[in-house]
Amino acid sequence: MATRRTLLRTGALAGVGTVAGIVALPSPPATTPADRTVQGADPPTSVADWTDETISDEEATPIARYQYRSVDDGVDDFGDRDAFVATAPINVVLVPDEDAEGDGAPLERVMAVLDDEGWLRGPEEYTRYGWDRSDETFVRQEGTAAETYYGTSGRLHVRCWSFEGVVSMQAHEDTGARPEHEIESYSDARTAIEAIFDAAGWRVSPDAIDLDNEQGDHDGIASVITERADGEETTLTEES
């Protein structure tokens, strides 16, 4: 039987190991400045069909209006919509330039901007899904990034899905891990993402698409961020 001294020594070693593991992780980047300003632009013609009216159906556009969680971790029929529950609203829509020179599919071009900002990919997080209308199935998050790996003291955090050349982003600000991990703000995270991509030379159109997904401090309106100038983009229309 282990003595009290043995148990204490084992606990101390485990604590040291945990601290060492955290220290071994990459250093968190400097917090994204909150005082950046964005000179908003009108939405480009490529998304004109999405800005005229409220979008309340995920079948109407490539945009994933919500992120979802599975009600049963063992579910294997990802086409069964009743097996998934919406958890947070999509609040940023990005249209990368598929014809731009350089490496990377549309999603990679978006993630590269966050890399340059100093964010970390693949942070500690929950598994979430987005609805892909083309394949009629739920797809696990395809790109994720955050200011820090664990978010112990809070962080900005995004999950992304790329469907039909359009990237749907769920951006939020996490609270600290204690006493309970929660979402502090959707609106502040959306504003931060606008500032990051504006500084990277992308065109930002705040409050452009009504996705009818109000939640918390999110007003249901998503910002549109495009990589190319108006008139140079491939027109993206609603499915008839």
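Predicted model: local features only at pLDDT ≥ 70, side-chain atom pairs only at ≥ 80, totals over all residues.

Colleague: Let us start with charges. How many salt bridges are there?

Modeller: The count comes to 10 salt bridges. One of them joins the side chains of Glu-59 and Arg-81, at 3.5 Å from N to O.

Colleague: Where do Glu-59 and Arg-81 lie?

Modeller: Glu-59 is in the loop between helix H2 (48–51) and strand E1 (66–70), and Arg-81 is in the loop between E1 and strand E2 (84–89), so the pair ties together parts that are 22 residues apart in sequence.

Colleague: Which residues are linked with Arg-81 in a network of salt bridges?

Modeller: The network links Glu-58, Glu-59 and Arg-81.

Colleague: Which ring does Arg-81 lie over?

Modeller: Arg-81 lies over the face of Trp-131, at 4.1 Å from the ring centre. Trp-131 in turn belongs to a cluster linked by ring pairs, together with Tyr-66, Tyr-68, Phe-84, Tyr-129 and Phe-138.

Colleague: Back to salt bridges. What does Arg-190 pair with?

Modeller: Arg-190 forms a salt bridge with Asp-207, and their closest N and O atoms are 3.6 Å apart. Arg-190 lies in helix H4 (residues 187–199) and Asp-207 in strand E11, so this pair ties together parts that are 17 residues apart in sequence. The side chain of Arg-190 also meets that of Asp-219 in a salt bridge, at 3.3 Å from N to O. That pair links distant parts of the chain, with Asp-219 in the loop between E11 and E12 and Arg-190 in helix H4, 29 residues apart.

Colleague: Is Arg-190 buried or exposed?

Modeller: Arg-190 is buried, because its relative accessible area is 8% and the limit for buried is under 20%. Asp-219, at 37% relative accessibility, counts as partly exposed, and Asp-207 is partly exposed at 46%.

Colleague: Let me turn to the backbone. What is the phi of Asp-207?

Modeller: Asp-207 has a positive phi of about 50°, although it is not a glycine. Asp-207 is found in strand E11, which spans residues 203–210.

Colleague: Where does Asp-212 lie?

Modeller: Asp-212 lies in the loop between E11 and strand E12 (221–226). Its phi is near 55°, again a positive value in a residue other than glycine. At 32% relative accessibility, Asp-212 counts as partly exposed.

Colleague: Now the aromatics. How many aromatic pairs are counted?

Modeller: The count comes to 7 aromatic pairs. Among them, Tyr-149 and Tyr-150 form an edge-to-face pair, 4.8 Å centre to centre with 90° between the planes. Tyr-149 is partly exposed at 26% relative accessibility, and Tyr-150 is partly exposed at 41%. Phe-197 and Trp-202 also pair edge-to-face, with 5.1 Å centre to centre and 80° between the planes.

Colleague: Are Phe-197 and Trp-202 buried or exposed?

Modeller: Phe-197 counts as buried, at 0% relative accessibility. Trp-202 is buried too, with a relative accessible area of 8%.

Colleague: What else is Phe-197 in contact with?

Modeller: Leaving aside neighbours within four places in sequence, Phe-197 is in contact with Leu-94, Val-110, Val-113, Leu-114, Trp-202, Val-204 and Ile-225.

Colleague: Which residues touch the most other members of the largest nonpolar core?

Modeller: That core has 23 residues, and Leu-94, Leu-114, Val-158, Met-169, Ile-193 and Phe-197 touch the most other members. At least two residues of this core come from each of strand E3 (92–95), helix H3 (106–117), strand E8 (155–163), strand E9 (166–174) and H4.

Colleague: What does the second core include?

Modeller: The second core is separate and has 17 residues, including Ile-55, Val-139, Ile-209 and Ala-222.

Key
Residues numbered from 1 in each chain as written. Heavy atoms only, no water. Phe/Tyr/Trp six-rings, centres within 6.5 Å; stacked < 30°, edge-to-face > 60°. Buried < 20%, exposed > 50% of the residue type's maximum accessible area, 1.4 Å probe, protein only. Lys NZ or Arg CZ within 6 Å of the ring centre and 35° of its normal. Helix = DSSP H or I, 4+ residues; strand = E, 2+ residues; numbered from the N terminus. Salt bridge = Lys/Arg side-chain N within 4 Å of Asp/Glu carboxyl O. Core = buried A, V, L, I, M, F, W, Y, C linked by side-chain atoms within 4.5 Å. Contact = heavy atoms within 4.5 Å.
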